[in-house]
Amino acid sequence: MSVKSFGLTLWLCVAASPAAQGPSLVVLNFQHQNTPTQQKYLIETMGGGVAVLDYNNDGLLDIFLVNSGRIAEGSKTFARNQPAYWNRLYRQGPAGTFTDVTAAAKLDRMPLDAYGMGVATADIDSDGWLDLYLTSYGPNVLYRNKRDGTFEDVTTPVTKASGWSASAGFFDYDNDGDQDLFVTRYLDWDMSRNILCGTPFHAYCRPDKFGPMSNLLLQNDGKGNFKDQSEATGIAAIKGKALGAAFRDYDEDGFTDIFVANDGMEQYLFRNQQGTTFQEVALEAGVAFGDDGKPFAGMGVAFDDYDNDGKPDLAVTVLALEKYPLFRNNGDGTFGYASGSTGLAALTAPSSGWGVQFADFDNDGRKDLFVAQSHVLDNVERIHSGLRYLEPMALYRQTTAGKFERNDIGTPAAYRGATFGDLNNDGAMDAVVQVLGGKPVIVYGKPQNRWLLIKAPAGTAVQAGNVHGYATTSGSYQSASDIRIHLGLGTREKVDLDVRFPNGKRKALTGVATNQIIEVTPP
Amino acid sequence: MTVALAMLLTLAQVTPELRQAAESGMKARQSGDLATAAAEFRKITQMAPNLAAGFANLGAVYFEQKDYVQSVPTLRRALELNANLPGTRTQLGTALLATGYAVEAIPYLEASPELLGIALLEGGREREAIDRLEAALQTKPKDPDLLFYLGQAHSRLAGKVFAQVTGVRAVQLSAEAAVVAGRREQAAKAYAEVIAKRPDLLGMHLALGELALESGDFATAGKEFEKEVKLAPGSARAAWRYGAVLLNQGNNAAALSELRRANQLQPDMPETLLDLGKAELAAGSLPNAQQAFEKLLAIEQETLLAENAHLQLSNVYRRLNRPADAERHAKLFRELRQRRTVSDVKQSK
C-alpha cells in the first residue's frame, strides 16, 4: 500500500493492488455515521447510499455520500444539523482531486428526523442539470439543482413520503419524456416498536418480525412536480419488504418495467401495462424465488444485459448461503436461473451483497458483476462460525461467454451502497462504495482495451455489434450511478452504433472511433 | 394446597388454639405471608405431633419458600403419618430433586411424568427418562423445557455409548458431535484426522464436503465429494452431492453426467431428481427436465422438494408454451408454500 498525497484532506490513502494488475483503491476522508446501539435498531445496519453525478456539468463526475445520523435513547431525531452527520458532496477538480462543497452547495441540512438511507439522481425538470432525491427512515428530501453550484429543497408532501424508504430511482414509466420516481419502502417498523431479537445475545431482527409496506410511484409533470400514482397504477396494492429497485423494459413492449428486491420474501416484477398500470408477474416470469424455491433476502439489484443478447438480465444481491441469483432473460417474458450455469452460485455462496452493477471493468466486451459485500448481522460469526460480517468487495469477472471468476477487492469491511461511473474519464469503469460506519472507497479501474463513453438521455439504448448499453442512474442499492453509457469494446478501433432513444427514434452512427467520450442527441 | 386442614377445622375435638393456628396459617399463606404461615403451621406440628396435615402444610410452605432442605424432612414426616397424600409425595420428590437427591426422588414422582423423567435423567437412567419425557411431551408438545431434557437424555445416553468407542471411530464420533454443536472447524479437523488414519473409511469425505457446503465453500465441497465418489463409486448420495456442486460451479456437462449416474444408482432419490431436472434445464433439455421433476412428484407430494419441483415445472411448462400446466404447477407451489409458511409461523409462536 502506498500513500499518495493530493494536498487535500479528502484523500486518505491509495492502495495499489499487486503488480498493478487490478484496480487501485482510494479511501475517502468521509465518515459514515450509523450509531450502532445495544437495542439493535434495524436502521443501523441498512444505510448508506452514494451517487456519482456531474452536478456542475464540467464533464467530471462528483461524489455525493449519504450519511445516516446519531441515534440517542429516547430521541426521535438524529442530529442531522451537526456537521458529523451531514451528507457530503465532493466536487471533482481537473486533477482528479475532490473538494468538499457541501455547505457551498447548500446540502448541509437534512430534516432532523431523517435517518439517511439512499440517493437517486435525475434531471427532473429537463433543464440539463442533475437533481437529487434522498431517502430516509423519516422524511425524504428532493433537491433541485439551481445551475449555479447550489441546490434548493423543493420537497413536497408527496415527495417527502413517510415511513422507512430505502432505494429510489428515476425512470419514465408513462413514456411522456420525463423522469418519474419510484421509492422502495422497507418495513412497517419504527423505533418505538423496536423489539430485541436473538438469544442468548441480541442480533438485528429478521424482516419477518415486521409487516410489509407498499412502494411509491410518483409521476413527474415534466417540470419536476410529482403526483402520487401509487394507487392508480396498482403499485400500492402489493406490499413488500423492498430494499432495491431497477427499471428496464424486459419484455420489449416499449414500456419500462420495475424489478423490486424484497428482503426475506418473494421478489416482485411489476410489468408495465402501456404506461397506465402495473401487474406483478415475478412468479410467472421465474424471478420471484431462488433456484431452491425459497424466498431470499433481496437487497441490491442490477438489471442489464450481461450476455450480450440485447435483453436485460437480473442479478440480485442476497445474504450468505443464498447464492446471488442471476436470472437470464429468455426473451419470451420469462427468465431462467443462471447462477449455476455461470458458476456464480458457487462463487457467491459464502458472501452477502448490497450494491451491485453489471459493467465491463476490463473493456473486453463482456460485462462483469461488481458487488459491495458484507453480512447484515455484525455478530454473524457468533451465529454461524463459517460466515463473516466484514467482507471484501468482489468483482465477478466474466472471462469467457457466460462464465464468471471471482476477484476480491480491498480489505474486509461493511460495504453497503455502490455507485458506478468513469470518474477520471480514462475509459475504465470505476466504483465508489460506502462503508457502514466507515470511510468510503473509490475503486479505480485499470485502463485496458478500447471503450466508448456515451452521453445520452436517460432511457437511451445503444448497441455496438453485440455489446449493449443503457442510460440510467438507477439500480444497485440505495445509490445512483453515472448516466453515461459505458461500452467495453475489446480491440475494436471503430464501431457502428445503433442508438434507440426513449422517444422511439433511432440513430445509426457508423465508423465511430473508440476510446472517446461522445454525446448523442435524438434526431 | 392446604392439606386437610380445612376438614380438620370441622372436627368438634379440635382445640381452640389449634383452630386459631390453622386459620391464621391458611390466611397468611393465601395472602403470601409465608413466614407467618410457617410459624403458625409449626405451632400445629408442636401442638399435634401426630397430625400429618400439620407437617404437610408446613413442608409445603417451606417448599414455596424454596427452603428445600427444611421441606424434605417435614414432608417426609407427613407421609410417615399418612402415606395417602399424593400432592405431598410429588412435593417431596421435587424437593429431593432440587436438593440433588434424584435417585431418592424417583419413588415420589410417579404422578408427574415430566418430573419423573428429569429425576430419572439425573439419576443416570437415561433410557427410562426418555420414555417418561416422551410421554410428558404427549400432553405438552413442543414444550421447550421438555425438549431440552429429552435432548439431554439422548445426548447423555449417546455419550455413554461413545465413551466405549476407541481409536479412529472415537475421533469420528467427536467430529459428529462437533457438527451437532455447530463447531465446524473442530469437526473438519476431526474428520481430517480420521481420513489421515483410515483413508478407506467411507463417508468421511462426504461429511467434510457437507460441512464445507454449510459455509458456502463449494470449492472445498467439490474436492471432498469427488474424493468420496472415487472411494465409493456406488454411493448415490456422493454422486448426487458431487453433481450438485458441479451444477453450481457452472460445470454443466460434468454435472449432468454425474447426476444421471446418481439417478441410475438410486432411481427413487428425490434430491437427485430435483438437481437432475435443474441440470437438464440448464442444458436446454426441457422434456428431460420435465420428466425428472414429474418423477420426483410421483415420489413426494408434500415436502420442500416437491414444492420446489412444482415451481421448476411451472417454469418448464411456461417455456414449453403450456400455460395451463404452468399455472397449475404455480398454483400447487403457492398452496404448498402457503401451508408450510402458516405452519412455520405457528411453530415459531
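**Stop 1: confidence in chain A**

Start by colouring chain A by pLDDT. Its mean is 94, and 96% of its residues reach 70 or more. Now select residues 1–20 of chain A, where the pLDDT is below 50. Beyond near neighbours in sequence, this stretch still has 42 contacts in the model. Keep a caution in mind here: where pLDDT is low, the predicted coordinates should not be read in detail.

**Stop 2: an open sheet in chain A**

Next, select strands E34, E31 and E37 of chain A, which form an open sheet in that order, with mixed pairing. Strand E34 (485–488) and strand E37 (516–519) of chain A stand at the edges, and each has a single partner strand, so one side of each lacks a neighbour in the sheet.

Zoom in on strand E31 (residues 451–455) of chain A. E31(A) and E34(A) run antiparallel and are joined by 4 bridges. Which residue in E34(A) is the bridge partner of Trp451(A)? Pick Gly488(A), and you have found the partner.

**Stop 3: helices H3 and H4 of chain B**

Move to chain B and show helix H3 (residues 34–47) together with helix H4 (residues 52–64). Their axes come within 8 Å and cross at roughly 155 degrees. Angles over 145 degrees count as roughly antiparallel, and H3(B) and H4(B) are therefore roughly antiparallel to each other. The crossing of H3(B) past H4(B) is left-handed.

**Stop 4: helices H13 and H14 of chain B**

Stay in chain B and select helix H13 (residues 204–214) and helix H14 (residues 218–231). The axes of this pair come within 8 Å and cross at roughly 165 degrees, which makes H13(B) roughly antiparallel to H14(B). Here the crossing is left-handed.

What should you display in the contact? In H13(B), residues including Met204(B), Leu206(B), Glu210(B) and Leu213(B) take part. In H14(B), those meeting H13(B) include Phe218(B), Phe225(B), Lys227(B) and Leu231(B). Coloured by class, the residues of this contact divide into 9 nonpolar, 3 polar and 4 charged.

Notes. Residues numbered from 1 in each chain as written. Chains lettered and ligands numbered in written order. Predicted model: local features only at pLDDT ≥ 70, side-chain atom pairs only at ≥ 80, totals over all residues. Heavy atoms only, no water. Axes fitted to C-alpha atoms, helices over the stretch in contact; angles between N-to-C directions. Helix = DSSP H or I, 4+ residues; strand = E, 2+ residues; numbered from the N terminus. Parallel < 35°, antiparallel > 145°, perpendicular 65-115°, else oblique. Left-handed = near helix turned anticlockwise from the far one by under 90°. Contact = heavy atoms within 4.5 Å. Nonpolar A, V, L, I, M, F, W, Y, C, P; charged D, E, K, R; others polar. pLDDT = per-residue confidence, 0-100. Pairing = 2+ DSSP bridges.
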